[in-house]
Amino acid sequence: MNLTKDQISSINKALDFIESHLEDHLTLAEISSRAHYSPYHFHRIFKSFTSETLNNYIARKRVERASADLLHRENLTISEVSNRYGFTSNSSFTRAFKKYYGMSPSDFRRNSKGKYSKIRQVKGKNGIMNTTFESYVCSETNKHTQNMTSNIDICTIDPINIAGITCIGKQELSSGFERLLSWAGQKGLLRQPDFKVATVFYDSFKITAPDKVRMTAGLVVDTPIKSDGEVSNTALEGGNYIVGHYTINVGEFPTVWSNLFKWMNDNGYKKREQPPFEIYHNDFNQHPEKKCIVDLYIPIK
């Protein structure tokens, strides 16, 4: 099903609403009304865009958000995490959690202690997901790690406006940027030689499958834009951020993100409930060594 730009714009509004109300009771009627469609038509459009039913999408997002709390909020009990995301009992939370991670919430929390790298999920022969945790191991030399650490700052930034296109899955990001830059060229937004593009991450590759990660392929703009088909405005909140400044190869992004989050944990900072993002300062294809000059931002309390 090929969606129109107006349909994509409506789904984006629904996704933003879901993202900010995962702790609330969500219904098809309420979400579809936000998108200005009947429940029947909305459900068809939603599944076409996300490749998931609405119920499955919400259930997955809640379990993933709960898993993040289990990883990073040791002060919360499992019962508190379960209640926070609307599960009627610990047993219903455990059943939902096992569906996605192949283990109970308590085993997940116990096995993840001290781990910073990617959580790997593999579907077993019985169709049940098996989850393994990898200890954080920096693949760079100690000297390079020290250089990366010296490029980390704590900054207070003003709000940033992003004109962007929503992408579900890392496989969609490249085409999202192509469509965005085509749109921006037609609007005359690329006339400034120092224009910057960005990627905003609503999910973590640590806990969400790569083909499900929701991202925004974005262009930094001075003032908010009005929604224009699939292009909409994303307002990134100002405040305190850990900012890592890097000149890296394309393949080094997972390593520097891992380093940055490890640095955050080692130095006692806590992430805010806002999305991290990247802002790029060059076209790596034009760099003599094909390297990206990029800033990575993690919002902190």
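# Briefing on a predicted single-chain model

Among contacts in the chain between residues at least 6 apart in sequence, 67% join residues at least 24 apart. The model is predicted. The chain holds 10 helices and 10 strands. Of its 301 residues, 46% count as buried. Its accessible surface comes to about 15700 Å², and carbon and sulfur atoms account for 50% of that area.

**Nonpolar cores**

- In soluble globular proteins, nonpolar side chains tend to be buried together.
- The largest nonpolar core in this model has 33 residues.
- Ile242, Tyr246 and Leu260 are the residues with the most contacts inside this core.
- At least two residues of the core come from each of these strands: E4 (160–168), E5 (197–201), E6 (214–221), E8 (239–248) and E10 (292–299).
- Helix H9 (173–186) and helix H10 (253–266) also supply at least two core residues each.
- H10 gives the largest share of this core, with 6 residues.
- A second, separate core has 19 residues, among them Ile8, Ile11, Ala35 and Leu54.

**Packing of helices H4 and H6**

- Two packed helices are described by the angle between their axes and the distance between the axes.
- Helix H4 covers residues 54–72 and helix H6 covers residues 90–101; they pack at an angle of about 95°, with their axes 10 Å apart.
- H4 is therefore roughly perpendicular to H6, since angles of 65 to 115 degrees fall in that class.
- On the H4 side, the contact is made by Asn56, Ala59, Arg60, Val63, Glu64, Ala66, Ser67 and Leu70.
- On the H6 side, the contact is made by Phe93, Ala96, Phe97, Lys99, Tyr100 and Tyr101.
- By class, the contact of H4 with H6 has 9 nonpolar, 2 polar and 3 charged residues.

**Thr216, a buried residue in a strand**

- Thr216 is found in strand E6.
- Thr216 is buried, because its relative accessible area is 3% and buried means under 20%.
- Not counting residues up to four places away in sequence, Thr216 touches Ile162, Gly164, Ile165, Thr166, Ala198, Thr199, Val200, Tyr202 and Thr234.

- Ser48 has its place in helix H3, which spans residues 39–50.
- With a relative accessible area of 27%, Ser48 is partly exposed.
- Leaving aside neighbours within four places in sequence, Ser48 is in contact with Met1 and Leu3.
- Ser48 and Leu3 are 45 residues apart along the chain, and their C-alpha atoms are separated by 7.9 Å.

- Most residues other than glycine have a negative phi.
- His36 has a phi near 65°, a positive value in a residue other than glycine.
- The place of His36 is in the loop between helix H2 (28–34) and H3.
- His36 counts as exposed, because its relative accessibility is 65% and exposed means over 50%.
- Lys290 is not a glycine either, and its phi is positive at about 55°.
- Lys290 lies in the loop between strand E9 (277–280) and E10.
- At 45% relative accessibility, Lys290 counts as partly exposed.

Conventions: Residues numbered from 1 in each chain as written. Predicted model: local features only at pLDDT ≥ 70, side-chain atom pairs only at ≥ 80, totals over all residues. Heavy atoms only, no water. Axes fitted to C-alpha atoms, helices over the stretch in contact; angles between N-to-C directions. Helix = DSSP H or I, 4+ residues; strand = E, 2+ residues; numbered from the N terminus. Parallel < 35°, antiparallel > 145°, perpendicular 65-115°, else oblique. Contact = heavy atoms within 4.5 Å. Nonpolar A, V, L, I, M, F, W, Y, C, P; charged D, E, K, R; others polar. Core = buried A, V, L, I, M, F, W, Y, C linked by side-chain atoms within 4.5 Å. Buried < 20%, exposed > 50% of the residue type's maximum accessible area, 1.4 Å probe, protein only. Areas by Shrake-Rupley, 256 points an atom, 1.4 Å probe, with all protein chains shown as cover.
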